[in-house]
Amino acid sequence: MKPINVGLLGIGTVGGGTFAVLQRNAEEITRRAGRPIRIVVVADKNMALARQVTGGACRVTEDAFSVVNDPEVDIVIELIGGYGVAKDLVMQAIANGKHVVTANKALLATNGNEIFKAAQDKGVMVAFEAAVAGGIPIVKAVREGLTANRIEWIAGIINGTTNFILSEMRDKGLAFDTVLKEAQRLGYAEADPTFDVEGVDAAHKITLLASLAFGIPVQFDKAYIEGISKLDSIDIRYAEQLGYRIKLLGITKRTEEGVELRVHPTLIPAKRLIANVEGPMNAVLVQGDAVGSTLYYGKGAGAEPTASSVIADLVDITRMHTADPENRVPHLAFQPDALVDLPILAIGEVISSYYLRLRVADKMGVLADITRILADEQISIDAVIQKEPGEGETQADLILLTHQTREKYINAAIVKIEALGVVVGKVTMLRMEELGK
Ligand code: HSE
């Protein structure tokens, strides 16, 4: 059987994993794909590394453009990352009629509409299982396994770095900065952790999942993004006392008015399976009208877990590349001419329940003032806890959990609460999700 030829751009962690797994499992993969999948050329700026990893098994080059222009190459794997040269290479590969496999969520979340359109016009596939939740086959599940369903919402722990940090903060009662340094030392967090800790990486991934779930164009620029760098470990402790865990969730929901697309630290009931996903693991919960809830769990990063997804895409393309393009699975799950431009809701229009923490003077009538403000904004209280002031203190922490309301109403109430003379400093507000049906 004639092999299908692959050009690999970037031989870093995932590239190295892909090379190793393709070699190790070559026989099984060939039995599944119907023909051998062979990496014929690797491009990397670090030629010495490329030579070392490939061990002379294929050509190596410094020039990535020579790979996307190479007539021998059928499929290009893009593992460079970012939206600069990676975009030029992907567009050039498509223009040359090559199929593309990429783990680049940043590129697809920001430029996906243009890339998928170019691929559609050229009749090639752009596969991106590795871009969302690493080794978990969530793209496959949403795009193919759940096609019978009207998907209602997706909520996912889709960033391992932040989940590791939150787990450590909860376990050890440590502050964010301390745990971040530890995560960097252990190699869980990048030297520049901004994209992970500020929720940008999770927002790239939930943007792609929203498009797959609802058949909408990718709209990363409309996502609401809040990371964990401002999270105080006292809120993790109070949440735990109330029966909740705090997780950085990517959430997308279909509502009457449009689509919610948001990333933020979220209180979820500790009894939910997803609340117990700890360390750098990922998990995605999908609610479909027919199937109900389904939960997908696994490693969201790492050499071989991510390679597992890259190679699954290679096998899919190998099986499908001779098929009529109309008979292939659409990039965004829905036929390109059936995508709908549902509005993405501004965060003020989102409906959620809320956790509020206030520092208040321990005086008569304080609670009455606060509950009156909430009632005026039509916000119903679910639970209230007042912590006893510490020895010799005259102020106490007050924690309120609200029932569901629109975020703009909670914001209006917070402004009024902060203006009360008895409230010290700012109100801490966190969103809560039940994640039940
Ligand atoms: N940096 C990501 C994470 C993995 O921490 O989950 C790659 O998307």
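Reader: At what angle do helix α5 and α6 pack, and how far apart are their axes?
Author: This is a predicted model. In it, α5 (residues 85-95) packs on α6 at about 10 degrees. Their axes are 9 Å apart.

Reader: Roughly parallel or oblique, then?
Author: Roughly parallel. The angle is about 10 degrees, and angles under 35 degrees count as roughly parallel.

Reader: Which hand is the crossing of α5 and α6?
Author: Right-handed.

Reader: Which residues in α5 meet which in α6?
Author: From α5, Ala-86, Lys-87, Val-90, Met-91, Ile-94 and Ala-95. They meet Leu-107, Asn-111, Glu-114, Ile-115, Ala-118, Ala-119 and Lys-122 in α6. By class, that contact has nine nonpolar, one polar and three charged residues.

Reader: Now α6 with α11. What angle there?
Author: About 55 degrees, with the axes 9 Å apart. Helix α6 covers residues 105-122 and helix α11 covers residues 200-214. The pair is therefore oblique.

Reader: Left-handed or right-handed for α6 and α11?
Author: Left-handed. On the α6 side, Lys-105, Ala-106, Leu-108 and Ala-109 make the contact. On the α11 side, the residues are Asp-201, His-204, Lys-205, Thr-207 and Leu-208.

Reader: How does the contact of α6 with α11 split by class?
Author: Four nonpolar, two polar and three charged residues.

Reader: Switching to the ligand. Which residues are around it?
Author: Lys-105, Asn-159, Gly-160, Thr-161, Asp-196, Asp-201, Lys-205 and Ala-301. Lys-105, Asp-201 and Lys-205 also take part in the contact of α6 with α11.

Reader: How far is a ligand oxygen from the side chain of Thr-161?
Author: An oxygen atom of the ligand is 2.5 Å from an N or O atom in that side chain. For Asp-201, a ligand oxygen is 3.3 Å from a side-chain N or O atom.

Reader: Last topic. How do α1 and α13 cross?
Author: At roughly 65 degrees, and their axes come within 8 Å. Helix α1 is residues 13-24, helix α13 residues 303-320. The crossing is right-handed.

Reader: Which residues meet between α1 and α13?
Author: In α1, Thr-13, Val-14, Gly-17, Thr-18, Ala-20, Val-21, Leu-22 and Arg-24. Their partners in α13 are Ala-303, Glu-304, Thr-306, Ala-307, Val-310, Ile-311 and Leu-314.

Reader: How many of those are nonpolar, polar and charged?
Author: Nine are nonpolar, four polar and two charged.

Methods. Residues are numbered from 1 along each chain as its sequence is written. This is a predicted model: local features need pLDDT of at least 70, side-chain atom pairs count only at pLDDT 80 or more; totals for chains, interfaces and linings use all residues. Side-chain values use heavy atoms; hydrogens and water are left out. Axes are lines fitted to C-alpha atoms, for helices over the stretch in contact, and angles run from 0 to 180 degrees between N-to-C directions. Helices (H or I, at least four residues) and strands (E, at least two) are DSSP runs, numbered from the N terminus. Angles under 35 degrees count as roughly parallel, over 145 as roughly antiparallel, 65 to 115 as roughly perpendicular and the rest as oblique. A crossing is left-handed if the near helix is turned anticlockwise from the far one by less than a right angle, and right-handed if clockwise. Contact means heavy atoms within 4.5 Å. Ala, Val, Leu, Ile, Met, Phe, Trp, Tyr, Cys and Pro count as nonpolar, Asp, Glu, Lys and Arg as charged, and the others, Gly among them, as polar. A residue is near a molecule or strand if one of its heavy atoms lies within 4 Å of it. A polar contact is a pair of N or O atoms within 3.5 Å; within protein, one must be able to donate a hydrogen and the other to accept it, and residues adjacent in sequence count only if both atoms are side-chain atoms.
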